[in-house]
Amino acid sequence: MNVLEIHSLEKRFGDKRVLCGLDMIVPEGSVFGFVGRNGAGKTTTMKSVLGLLRPDGGEIFVAGEAVKFGQTPTNRHIGYLPDVPEFYAFMTPREYLQLCGECMNMEEKEIRSRSEELLELVGLGSENHRIKGFSRGMKQRLGVAQALLGSPKLLICDEPTSALDPIGRREILDVLISVRERTTVLFSTHVLSDVESICTDVALLEGGRIAMQGAVSELKRAGRREEFRAEMLVADSAEELLEAFPDAVREGRVTVAFSGGEERIFEVLSFIGANKLPLRKIERAETSLESLFAEVIK
Amino acid sequence: MRVFLAFFKKELLESARSGKFLILGILFFAFGVMNPAIAKLTPWMMEMLAEELAASGMTVGEVAVDALTSWTQFFKNIPMALIAFVFLYSSSFTKEYESGTLVLMLTRGLARRNVVLAKAAVMELVWSAGYFLCFGVTYGYNAYYWDNSIAVELMPAVMNWWLFGVFTVALLILFSTLSRNSGGVLLGTGGCVLVSYLVSMIPKAAKYLPTALMNSAQLLTGVEKADEYTAAVIITAAASVICIALAVPILDKKQI
């Protein structure tokens, strides 16, 4: 089943068209990376899913239910973490989660046990100070805790790592990984390494549409090109290689790029061996999301 | 109901911890003390000025003060307390729009009408508590120094002004749902009161307008009768309810 389906979503701000017919499907159990440059419309999409913005066209379904603007009952399925979450600074984390729980009409006992469990999970278990003095990382982690309080089917995070230092970012990614067994995670980002390290699926938002979407592993497989590079120790041997293999391309002073598969690698290796050319390394070209996306955006 | 109460508790906690209760408590108490104090000091001040005035040819006779003097001060000072109250609570909604705290609560399934109703309940409650604190203090001093029974129809006058405050708070809530910043809220609320005040210059309209209630001090001396205010009271009460009733669908349609 699909936790989230978006069909031809459109949104204009004034005469600026931010989304023009966006289609996206988030399968249950996935960690879904929603990628796009700054201002591409990621936040607009997410706010429309949450019923905070009124779309100019299209439909959104959360767990099979249509999303309505304003009064939005579908939000009971969703936990939301904004990019820079702001809480009532005069409260302690426990008081805040208590308030959230009561707003969701959770059982008193459940609120208490779930709060403890989540504060422990995000590393704020022993924090009894008011939120006022919290660092960004701490707020972000409290944000994850409040988003997960109601055991939502879908956790939506808007650039959860973009404002954090490397340690804070790692902590958030770890928390997201740890919840994915029970909750589908949709998070937006412009940091591709975050997507590669934790996502199962990814969609690229470009020009108000989804330019590419699918499972990370499949996209990478489909995009893989038969390529490898040989890096020599000296420029002379690179030139020898180029003479012997006229279709190879020189990349830099000592590096030569070849196209071709297994057979070709052995062919090049035996030439290097036969002529005793000093080799630093030989490696297959990895398809990174970056190169895939760069191609699509181009 | 539980959700309403949860948000209501949050509002009370916010007012308590942000120091609003303390500030308003001190303010309303101070005004309460000031009214009889000014009345009490008037003869003394007049005496001090008597010599100077005599030099310019004016003679000051015996100045008699009583509870009425103090109650007149009460109705002169309470608008300032109301203005302070409006300023303190003008950012109650807008701060939440700007900082994004409300977005998180709404995505937690908090129905928007509960936001309006809980905030309205707390503000009206705080206004009432402050107002009657001020009233109580003045009443106590007046009873001690003089005699409150001299003020005819004191209670109708006091209730009329309280209702005017309730109406102002309802305006504050309505404009909080319409405007994104506290400047707009203050402008809207102040503007409405001003318009009501200007329209009341037309003699025929005057007694139907909420601002008529601000003249309730006239009741104390018996110049006017309480039932002359009936129309203004009904209209103001109805307008207050309408303001809050309008605020609910307006916030429902707001893009946050």
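How are H2(A) and H4(A) oriented relative to each other? Their axes cross at roughly 30°, and angles under 35 degrees count as roughly parallel, so H2(A) and H4(A) are roughly parallel to each other. The model is predicted. Two packed helices are described by the angle between their axes and the distance between the axes. This briefing takes two helix pairs in turn.

**H2(A) with H4(A)**

- Helix H2 of chain A covers residues 93-103, and its axis comes within 10 Å of that of H4(A).
- The crossing of H2(A) and H4(A) is right-handed.
- On the H2(A) side, the contact is made by Pro93(A), Tyr96(A), Leu97(A) and Cys100(A).
- H4(A) contributes Leu142(A), Ala145(A) and Gln146(A) to this contact.
- Sorted by class, the contact of H2(A) with H4(A) holds six nonpolar residues, one polar residue and no charged residues.

**H4(A) with H5(A)**

- Helix H4 of chain A spans residues 136-148, and helix H5 of chain A spans residues 166-179.
- The axes of H4(A) and H5(A) lie 9 Å apart, at an angle of about 15°.
- With that angle, H4(A) and H5(A) are therefore roughly parallel to each other.
- H4(A) and H5(A) form a right-handed crossing.
- From H4(A), the contact involves Gly137(A), Gln140(A), Arg141(A), Val144(A) and Leu148(A).
- From H5(A), the residues in the contact are Gly168(A), Glu171(A), Ile172(A), Val175(A) and Val179(A).
- The contact of H4(A) with H5(A) comprises five nonpolar, three polar and two charged residues.

Key. Residues numbered from 1 in each chain as written. Chains lettered and ligands numbered in written order. Predicted model: local features only at pLDDT ≥ 70, side-chain atom pairs only at ≥ 80, totals over all residues. Axes fitted to C-alpha atoms, helices over the stretch in contact; angles between N-to-C directions. Helix = DSSP H or I, 4+ residues; strand = E, 2+ residues; numbered from the N terminus. Parallel < 35°, antiparallel > 145°, perpendicular 65-115°, else oblique. Left-handed = near helix turned anticlockwise from the far one by under 90°. Contact = placed C-beta atoms within 7 Å. Nonpolar A, V, L, I, M, F, W, Y, C, P; charged D, E, K, R; others polar.
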